[in-house]
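Hello,

Here is the structure I promised to hand over. Please open it beside this email, and then read on for what was found in it.

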Amino acid sequence: MSPSYLACRGICLRIPLCLDATFFGNAARFINHRCCDGILVDVLVTIESPDRHYYHVAFFTSRAVKPMEELTWDYRIDFDDDTHPIEAFKCLCGSPFCRRAASSKKRKKRGRK
Ligand SMILES: C[S@@+](CC[C@H](N)C(=O)[O-])C[C@H]1O[C@@H](n2cnc3c(N)ncnc32)[C@H](O)[C@@H]1O
(Lines give C-alpha, C1' and ligand atoms only; values in the text may rest on other atoms or scores of the structure.)
Protein backbone atom coordinates (compact mmCIF):
# COMPACT_ATOMS: atom_id res chain seq x y z
CA MET A 1 0.00 0.00 0.00
CA SER A 2 1.47 3.28 -1.04
CA PRO A 3 2.16 6.05 1.49
CA SER A 4 -0.29 8.33 -0.36
CA TYR A 5 -3.07 5.71 -0.09
CA LEU A 6 -2.42 5.38 3.63
CA ALA A 7 -2.03 9.13 4.15
CA CYS A 8 -5.49 9.82 2.76
CA ARG A 9 -6.80 7.45 5.45
CA GLY A 10 -4.98 9.36 8.18
CA ILE A 11 -2.17 6.81 8.52
CA CYS A 12 1.31 8.26 8.28
CA LEU A 13 4.05 5.88 7.09
CA ARG A 14 7.28 6.92 5.41
CA ILE A 15 7.59 3.63 3.55
CA PRO A 16 4.96 1.64 1.69
CA LEU A 17 3.26 -1.13 3.64
CA CYS A 18 3.75 -4.48 1.93
CA LEU A 19 1.70 -7.60 2.61
CA ASP A 20 3.86 -10.67 2.05
CA ALA A 21 2.41 -14.09 2.83
CA THR A 22 5.52 -16.01 1.75
CA PHE A 23 6.15 -17.38 5.23
CA PHE A 24 3.14 -16.39 7.34
CA GLY A 25 -0.46 -15.73 6.44
CA ASN A 26 -3.92 -17.17 6.29
CA ALA A 27 -6.52 -18.13 3.69
CA ALA A 28 -6.38 -14.55 2.35
CA ARG A 29 -3.16 -15.54 0.57
CA PHE A 30 -5.34 -17.27 -2.05
CA ILE A 31 -7.11 -14.04 -3.07
CA ASN A 32 -6.14 -13.13 -6.63
CA HIS A 33 -5.76 -9.63 -7.98
CA ARG A 34 -8.30 -7.89 -10.22
CA CYS A 35 -7.76 -4.34 -11.42
CA CYS A 36 -10.32 -1.83 -10.11
CA ASP A 37 -13.47 -3.97 -10.06
CA GLY A 38 -12.45 -6.78 -7.69
CA ILE A 39 -15.18 -8.08 -5.38
CA LEU A 40 -13.39 -7.15 -2.17
CA VAL A 41 -12.50 -3.77 -0.72
CA ASP A 42 -10.02 -3.48 2.11
CA VAL A 43 -10.00 -1.47 5.26
CA LEU A 44 -6.77 -1.05 7.17
CA VAL A 45 -7.31 -1.56 10.88
CA THR A 46 -4.73 -0.33 13.35
CA ILE A 47 -4.42 -2.29 16.54
CA GLU A 48 -2.46 -0.57 19.26
CA SER A 49 -0.65 -2.22 22.10
CA PRO A 50 1.44 -0.28 24.65
CA ASP A 51 4.66 -0.62 22.64
CA ARG A 52 3.61 -1.14 18.99
CA HIS A 53 1.08 -0.61 16.23
CA TYR A 54 -0.12 -3.64 14.31
CA TYR A 55 -1.87 -3.35 10.99
CA HIS A 56 -4.61 -5.75 10.05
CA VAL A 57 -6.38 -5.68 6.70
CA ALA A 58 -10.10 -6.38 6.88
CA PHE A 59 -11.90 -7.36 3.68
CA PHE A 60 -15.50 -6.46 2.87
CA THR A 61 -17.77 -6.91 -0.10
CA SER A 62 -20.62 -4.64 -1.15
CA ARG A 63 -22.73 -7.40 -2.67
CA ALA A 64 -23.74 -10.99 -2.02
CA VAL A 65 -21.09 -13.50 -3.07
CA LYS A 66 -22.27 -16.71 -4.72
CA PRO A 67 -20.95 -20.07 -3.49
CA MET A 68 -17.65 -20.91 -5.25
CA GLU A 69 -17.40 -17.40 -6.75
CA GLU A 70 -13.78 -16.27 -6.94
CA LEU A 71 -12.86 -13.54 -4.47
CA THR A 72 -10.66 -10.89 -6.03
CA TRP A 73 -9.03 -7.76 -4.69
CA ASP A 74 -7.14 -4.88 -6.31
CA TYR A 75 -3.51 -5.23 -5.10
CA ARG A 76 -2.97 -1.65 -6.40
CA ILE A 77 0.08 -2.63 -8.41
CA ASP A 78 1.42 0.10 -10.65
CA PHE A 79 2.14 -1.90 -13.81
CA ASP A 80 3.86 1.20 -15.27
CA ASP A 81 6.49 1.31 -12.52
CA ASP A 82 9.76 0.23 -14.19
CA THR A 83 11.81 1.33 -11.16
CA HIS A 84 10.47 -1.28 -8.73
CA PRO A 85 13.14 -3.91 -7.82
CA ILE A 86 10.67 -6.79 -8.26
CA GLU A 87 8.86 -7.08 -11.57
CA ALA A 88 5.10 -7.37 -11.16
CA PHE A 89 3.37 -10.43 -12.60
CA LYS A 90 1.69 -10.11 -15.98
CA CYS A 91 -1.89 -9.40 -14.99
CA LEU A 92 -4.50 -11.77 -16.42
CA CYS A 93 -7.48 -10.40 -14.45
CA GLY A 94 -9.62 -9.85 -17.54
CA SER A 95 -11.18 -6.71 -16.14
CA PRO A 96 -12.22 -4.07 -18.67
CA PHE A 97 -10.27 -1.70 -16.42
CA CYS A 98 -7.09 -3.82 -16.40
CA ARG A 99 -4.10 -1.53 -15.77
CA ARG A 100 -1.63 -4.07 -17.18
CA ALA A 101 -3.54 -4.16 -20.49
CA ALA A 102 -3.60 -0.35 -20.57
CA SER A 103 0.08 -0.30 -19.63
CA SER A 104 0.92 -2.84 -22.40
CA LYS A 105 -0.75 -0.60 -24.98
CA LYS A 106 1.33 2.36 -23.75
CA ARG A 107 4.52 0.22 -23.78
CA LYS A 108 3.85 -0.94 -27.35
CA LYS A 109 3.44 2.67 -28.41
CA ARG A 110 6.82 3.44 -26.78
CA GLY A 111 8.35 0.33 -28.43
CA ARG A 112 8.86 -1.63 -25.16
CA LYS A 113 7.69 -5.12 -24.01
C1 LIG B 1 -1.52 -13.93 -3.06
S2 LIG B 1 -1.17 -15.02 -4.42
C3 LIG B 1 -2.78 -15.39 -4.98
C4 LIG B 1 -3.03 -16.88 -4.98
C5 LIG B 1 -2.30 -17.64 -6.05
N6 LIG B 1 -2.98 -17.50 -7.35
C7 LIG B 1 -2.25 -19.12 -5.68
O8 LIG B 1 -2.85 -19.95 -6.34
O9 LIG B 1 -1.59 -19.43 -4.66
C10 LIG B 1 -0.56 -13.84 -5.60
C11 LIG B 1 -0.01 -14.46 -6.86
O12 LIG B 1 -1.06 -15.01 -7.67
C13 LIG B 1 -0.84 -14.67 -9.03
N14 LIG B 1 -1.90 -13.76 -9.47
C15 LIG B 1 -2.85 -13.18 -8.68
N16 LIG B 1 -3.65 -12.41 -9.39
C17 LIG B 1 -3.24 -12.50 -10.67
C18 LIG B 1 -3.68 -11.90 -11.90
N19 LIG B 1 -4.69 -11.05 -11.96
N20 LIG B 1 -3.00 -12.21 -13.03
C21 LIG B 1 -1.96 -13.06 -13.01
N22 LIG B 1 -1.48 -13.64 -11.88
C23 LIG B 1 -2.13 -13.36 -10.73
C24 LIG B 1 0.51 -13.98 -9.12
O25 LIG B 1 1.50 -14.96 -9.37
C26 LIG B 1 0.68 -13.42 -7.73
O27 LIG B 1 2.04 -13.25 -7.38
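A quick definition to begin with: a residue is called buried under 20% relative accessible area, exposed over 50%, and partly exposed in between, using a 1.4 Å probe and protein chains only. This is a predicted model, in which local features need pLDDT of at least 70 and side-chain atom pairs count only at pLDDT 80 or more, while totals for chains, interfaces and linings use all residues. Residues are numbered from 1 along each chain as its sequence is written, and side-chain values use heavy atoms, with hydrogens and water left out.

**Salt bridges**

How many salt bridges does the structure hold? There are 5, where a salt bridge is a side-chain nitrogen of Lys or Arg within 4 Å of a carboxyl oxygen of Asp or Glu. Here are some of them.

One joins Asp 42 and Arg 76, whose closest N and O atoms are 2.9 Å apart. This pair links distant parts of the chain, 34 residues apart: Asp 42 sits in strand S2 (residues 40-48), and Arg 76 in the loop between strand S4 (72-73) and helix H2 (99-110). Helices (H or I, at least four residues) and strands (E, at least two) are DSSP runs, numbered from the N terminus. Asp 42 is buried, at 8% relative accessible area, whereas Arg 76 is partly exposed at 37%.

Arg 34 and Asp 37 form another, with 2.8 Å from N to O. Asp 37 has 29% relative accessibility, so it counts as partly exposed.

In a further salt bridge, the side chains of Glu 69 and Arg 63 meet at 2.7 Å, N to O. Glu 69 is partly exposed at 23%, and Arg 63 is partly exposed at 41%.

**The ligand**

Now look at the nitrogen atoms of the ligand. One is 2.7 Å from an N or O atom in the side chain of Asn 32. A backbone N or O atom of His 33 lies 2.9 Å from a ligand nitrogen, and a polar backbone atom of Leu 92 is 2.8 Å from a ligand nitrogen.

Enjoy exploring!

Key
A polar contact is a pair of N or O atoms within 3.5 Å; within protein, one must be able to donate a hydrogen and the other to accept it, and residues adjacent in sequence count only if both atoms are side-chain atoms.
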